[in-house]
Amino acid sequence: FYIRLAQRIIHLLSTRTMSGRLYEVDSRLRPNGNSGLLVMDMDGFRSYQLEDAWTWEHQALVRARVVFGGEKARSEFESIRGEILSQQRDPEELCRDVCEMREKMRDSLGKCNKGEVHLKQMRGGMVDIEFMVQYLVLRWAAQYPSLTKWTDNIRLLEQLAVEGLMTERETEKLMDSYRDYRRRAYHLSLQNSKAIVSDDEFIKERGQVSVIWGHVMESAGNKSR
């Protein structure tokens with residue numbers, strides 16, 4: 001029953017209409033990919049996250065939230081999410097995994113014409129900010145449980161500053177840049193356009209984000225070498 005229900009929901013969300021798709025749903029991203037069940041129980045989900053999930057799947061869990069369900073299911077999910085995010089991790093291995101995934105995404109999704117940049121995939125863009133936040137949450141949630149409370153980038157950045165894991169100046173720059181990128185991307189989406197702009201836009205913002213990326217990620221990666 002629940003497998004058929006999930007298939008029906010995916011169909012409703014992703015069917016192309018005259019106004020476009022409501023959401024693009026990629027069911028290959030479920031646990032174990034195409035070979036995995038479309039629906040699993042909480043014990044199975046917890047077991048997968050603890051034993052088999054890749055780092056990028058734990059990154060996704062930073063942003064994961066319940067959108068529908070009973071109070072018991074919501075409570076169980078949030079408990080599992082908190083447990084997984086609060087695991088002790090090797091910071092050098094974590095940094096390496098996050099940086100490698102970032103480069104793969106940039107190579108596969110960030111292709112543009114000459115003179116253009118992709119708001120999400122460009123160096124210093126939206127995904128760089130998201131990956132920094134995810135890295136820091138996975139790196140420090142075991143010591144700072146407050147980092148598991150939020151799922152959106154803005155409040156997570158605010159919490160990172162509260163805990164002293166980033167300076168207020170750094171988080172303000174990242175939040176301002178993220179809001180500017182997102183606003184521009186939304187406007188392009190409403191015009192049925194991709195999140196691609198001229199490379200003479202957002203020069204300051206891209207530079208600031210890249211500098212902070214170097215401070216947070218590249219310095220951590222250098223320690224592993």
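Tutor: What follows takes the terms in turn, for a model that is predicted.

Student: Why is the pair of W140 and Y144 called edge-to-face?

Tutor: The ring centres of W140 and Y144 are 6.1 Å apart and the planes stand at 70 degrees. The structure holds four aromatic pairs.

Student: What makes W140 and Y144 partly exposed?

Tutor: W140 has a relative accessible area of 24%, and Y144 has 25%. Buried means under 20% and exposed means over 50%, so values in between are called partly exposed.

Student: Why is the pair of Y181 and F202 edge-to-face?

Tutor: The centres of Y181 and F202 are 5.3 Å apart, and the planes are at 75 degrees, so the pair is edge-to-face. Y181 lies in helix α8 and F202 in the loop between β2 and α9, so the pair ties together parts that are 21 residues apart in sequence. Both Y181 and F202 are buried.

Student: How do you know that R139 lies over the face of W140?

Tutor: R139 is at 3.9 Å from the ring centre of W140. The distance cut-off is 6 Å, with a further condition on the angle to the ring normal.

Student: What makes the contact of E83 and R46 a salt bridge?

Tutor: The N to O distance between the side chains of E83 and R46 is 2.7 Å. The cut-off is within 4 Å, so the pair counts as a salt bridge. E83 lies in helix α4 and R46 in helix α2, so the pair ties together parts that are 37 residues apart in sequence.

Student: Why does the pair of E130 and R63 count as a salt bridge?

Tutor: The closest N and O atoms of E130 and R63 are 3.9 Å apart, and the rule asks for within 4 Å, so the pair counts. E130 lies in helix α6 and R63 in helix α3, so parts that are 67 residues apart in sequence are tied together. E130 counts as buried at 15% relative accessibility, whereas R63 counts as partly exposed at 29%.

Student: What separates E103 and R106 along helix α5?

Tutor: E103 and R106 are three residues apart in helix α5, which means about one helical turn. The closest N and O atoms of this salt bridge are 3.4 Å apart. E103 and R106 also belong to a network of salt bridges with R102, R123 and D128. By this rule the count comes to twelve salt bridges.

Student: Why is Q159 called buried?

Tutor: Q159 has a relative accessible area of 15%. Buried means under 20%, so Q159 is buried. Q159 lies in helix α7, and leaving aside its neighbours within four places in sequence, Q159 is in contact with S146, L147 and W150.

Student: How do you know that L37 is exposed?

Tutor: The relative accessible area of L37 is 53%. Exposed means over 50%, so L37 is exposed. L37 lies in the loop between α1 and α2. A nonpolar surface patch of about 690 Å² includes L37, along with F1, Y2, I3, L5, I9 and V39.

Technical notes:
Residues are numbered from 1 along each chain as its sequence is written. This is a predicted model: local features need pLDDT of at least 70, side-chain atom pairs count only at pLDDT 80 or more; totals for chains, interfaces and linings use all residues. Side-chain values use heavy atoms; hydrogens and water are left out. Rings of Phe, Tyr and Trp (its six-membered ring) pair if their centres lie within 6.5 Å; planes under 30 degrees apart count as stacked, over 60 as edge-to-face and the rest as tilted. Buried means under 20% relative accessible area, exposed over 50%, partly exposed in between (1.4 Å probe, protein chains only). Helices (H or I, at least four residues) and strands (E, at least two) are DSSP runs, numbered from the N terminus. A charge sits over a ring if NZ of Lys or CZ of Arg is within 6 Å of the ring centre and within 35 degrees of the ring normal. Patches are made of residues with over 30% relative accessible area and no salt bridge: like charges are joined within 9 Å, nonpolar side chains (Val, Leu, Ile, Met, Phe, Trp, Tyr) within 5 Å. Accessible areas come from the Shrake-Rupley method with a 1.4 Å probe; for residues, only the protein chains shown count as cover. Contact means heavy atoms within 4.5 Å.
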